[in-house]
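Dear colleague,

Please find below the structure that I am handing over to you, followed by an account of what was found in it.

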Amino acid sequence: MFEVLRPIPPLAWVPASIIFWPTQELSISFVTFLGAFFTIVINVVGGAQSIDRRYFQAARSMGSSGADIFRRIILPATLPSIFVGCAVGMGITWEVVVAAEMISGGGSDISANGGGLGFFIWNSYLGGANEQIVVGMISIGIAGYASSEFLRIVGRRLTPWLRDR
């Protein structure tokens, strides 16, 4: 089932999400979640599959519990993959949320300042305000960079053993 759903582009889920969820905000959140979910899961599974089986055998032979094996072997071995998946997922999330905002019209509670960056860019395009389009695009780039940098900082702090590489 996972491999059947994974190739469906997140934006193809927009019409279905509008039917599934009662508000546009929930629809946008769902589509954004799908954009990152599959990427992160694939990275975590890949990281877990790359763990040398001898670590599990050694831990079991020394009497480690399942919780110890998870805490001392699986989690440290998959953390780098989790953070790579999150970084890639973050990029996809920004693409999806901006496009979903453009498609949805900015949400149900639109005020003069509301609707998100995607809605702002789309409204600027419709109004012929090219400068505002560029400002919106630069804002997305800065926000995306800040989000990715935050993930890199957290990743470096949680994986100190990778600093020597």
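**Overall architecture**

From the N terminus on, the elements of the protein chain follow the order α-α-α-α-α-α-α. The chain thus has seven helices and zero strands, where helices (H or I, at least four residues) and strands (E, at least two) are DSSP runs, numbered from the N terminus. Its radius of gyration is 20 Å, well over the 15 Å that the globule rule gives for 165 residues, so the chain is more spread out than a compact globule. That radius is taken over C-alpha atoms, and the globule rule is 2.2 Å times the number of residues to the power 0.38. Along the principal axes, the C-alpha trace spans about 70 × 35 × 25 Å.

Please note that this is a predicted model, in which local features need pLDDT of at least 70 and side-chain atom pairs count only at pLDDT 80 or more, while totals for chains, interfaces and linings use all residues. Residues are numbered from 1 along each chain as its sequence is written, and side-chain values use heavy atoms, with hydrogens and water left out.

**Burial, surface and charge**

Of the 165 residues, 30% count as buried; buried means under 20% relative accessible area, exposed over 50%, and partly exposed in between (1.4 Å probe, protein chains only). The accessible surface of the chain comes to about 10500 Å², and carbon and sulfur atoms hold 66% of it. These areas come from the Shrake-Rupley method with a 1.4 Å probe; for residues, only the protein chains shown count as cover.

Among contacts with a separation of 6 or more, 56% are between residues 24 or more positions apart, a contact being heavy atoms within 4.5 Å. The mean positions of the 11 positive and 10 negative charges lie 18 Å apart. Lys and Arg count as positive and Asp and Glu as negative, without His and the chain ends; each charge is placed at NZ of Lys, CZ of Arg, CG of Asp or CD of Glu.

**Helix H3**

Helix H3 covers residues 24-49. With 26 residues, H3 reaches 38 Å from its first C-alpha to its last, close to the 38 Å expected at 1.5 Å a residue; the expected span is 1.5 Å times one less than the number of residues. The buried residues of H3 include Phe30, Leu34, Ala36, Phe38 and Thr39.

Ala36 is buried because its relative accessible area is 11%. Leaving aside neighbours within four places in sequence, Ala36 is in contact with Gly89 and Thr93. The C-alpha atoms of Ala36 and Gly89 are separated by 4.2 Å, although the two are 53 residues apart along the chain. Thr39 likewise counts as buried, because its relative accessibility is 17%. Residues up to four places away in sequence aside, Thr39 touches Gly85, Val88, Gly89 and Ile92.

Helix H7 (residues 130-158) has 29 residues and reaches 42 Å from first C-alpha to last, close to the 42 Å expected at 1.5 Å a residue. Among its buried residues are Ile133, Gly136, Ile140, Gly144 and Leu151.

Leu117 belongs to helix H6 (residues 116-127). At a relative accessible area of 26%, Leu117 is partly exposed. Residues up to four places away in sequence aside, Leu117 touches Trp94, Glu101, Gly136, Ser139 and Ile140. Gly136 and Ile140 are among the buried residues of H7.

Finally, Ala16 sits in helix H2 (residues 14-20) and is partly exposed, at 23% relative accessibility. The C-alpha atoms of Ala16 and Asn130, 114 residues apart along the chain, are 32 Å from each other.
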